[in-house]
Amino acid sequence: MKYYKAKIKPTSPFGTNPMSDTIFGQLVWTLSDMGEDLSKLLADYDTSPFLVVSDFLPFNMGNVPKIPTIYKVEGAKNDKINKILERKKIKAKNYISIETLYSTASLNKNKIVELAQALVKFNKSAEIIRCSINRKTGTTGDGFDPYPVYDTFFTDNAEFTFYFYIADESNFGMIQEALELIGKTGFGRDASLGRGQFEVLEFDEIEFSPENKNAIYTLGNVALEGLSVERAYYEPFTRFGRHGNIRAVMGNPFKNPLVMALQGALLFGDNNIFSKPYIGKSIRKLSYYGDTVQQGYSLYIPINVEVQP
């Protein structure tokens, strides 16, 4: 299976986490603004999506798979203290290299813990104080109305890898243009204030083979309901979504809550699990607007886990 990947360099703070379903929504709105025919692009989205995207993955690393592990604190008092301190170090290692996961011939629980890494500090969340303004009177109202928001700031060396799949390769130029346009205008909360901007440094193609693999590691949030898998290990995530673009100010901006599996889910199944270059499903009927569609699909890399836990 062939994916495209882009190297992303943030050029402003982000007001919203760059998760797969958020980026997909932003791309669809941007394609609409570019004059593309969304009804045509989304016509077969339930069975054959025209586009599936991943999270922005820092330094091409994803969340450590949530495989249950056994951790015993035994021995003398000093041994127990050392083991507890060691556990804190292990918990700080919450990222794992995508390339290493794919290239390692045989993984197991201990090997995954061994390969996990603590990322060099590349971002910082900071509180920004703003003040409410009554747009009719141009004043703060009855009093001083400050409120906090949180932005994520990045170091100069911060970098993300973004994977995407296109059903029709002739659409690559269209997606490339839309992604670069989002980078210039920003995405998510406070994009109009300069948040969520980035530069696309390069595009590349990459292939992953399911040969000698028996499990899936997801590269984005995924809707698991109805999927035929034997086992799934994941961290649940509830998306309280809202519409973007013009629908953000049309009176019904909110979507229904949606439970998904966070990026880094580990799924086991038979060979059919690799039958498509993505897993999951489309999400519809989740807001006031009947034509709303959300990405419940996720890209993945095939991996080999030595013993199914």
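1. Overall size. Along the principal axes, the C-alpha atoms fill a box of roughly 70 × 50 × 35 Å.

2. Basis of the values. This is a predicted model, in which local features need pLDDT of at least 70 and side-chain atom pairs count only at pLDDT 80 or more, while totals for chains, interfaces and linings use all residues. Residues are numbered from 1 along each chain as its sequence is written, and side-chain values use heavy atoms, with hydrogens and water left out.

3. Make-up and burial. The protein has 6 helices and 16 strands; these are DSSP runs numbered from the N terminus, with helices (H or I) of at least four residues and strands (E) of at least two. Of the 309 residues, 44% count as buried, meaning under 20% relative accessible area with a 1.4 Å probe, protein chains only.

4. Contacts. A contact means heavy atoms within 4.5 Å. Among contacts between residues at least 6 apart in sequence, 78% join residues at least 24 apart.

5. Helix 6. This helix covers residues 172–185 and has 14 residues. From first C-alpha to last, helix 6 reaches 20 Å, close to the 20 Å expected; the expected span is 1.5 Å times one less than the number of residues. Its buried residues are M174, I175, A178, L179, I182 and G183. Their cover includes helix 1 (20–33), strand 1 (2–10) and strand 7 (160–166). After helix 6 comes G186, with a positive phi near 90 degrees.

6. Residue I23. This residue lies in helix 1 and counts as buried because its relative accessibility is 3%. Leaving aside residues up to four places away in sequence, I23 touches P18, V53, F56, F162 and F187. I23 and S54 are 31 residues apart in sequence, and 8.2 Å apart in space from C-alpha to C-alpha.

7. Four strands form an antiparallel open sheet in the order 10-13-9-16; two strands pair if DSSP finds at least two bridges between them. Strand 10 (231–233) and strand 16 (300–303) are the edge strands, each pairing on one side only. Strand 10 pairs with strand 13 (residues 266–268) over 3 bridges, in the antiparallel sense. Y233 stands opposite L266 in strand 13.

Terms used: Buried < 20%, exposed > 50% of the residue type's maximum accessible area, 1.4 Å probe, protein only.
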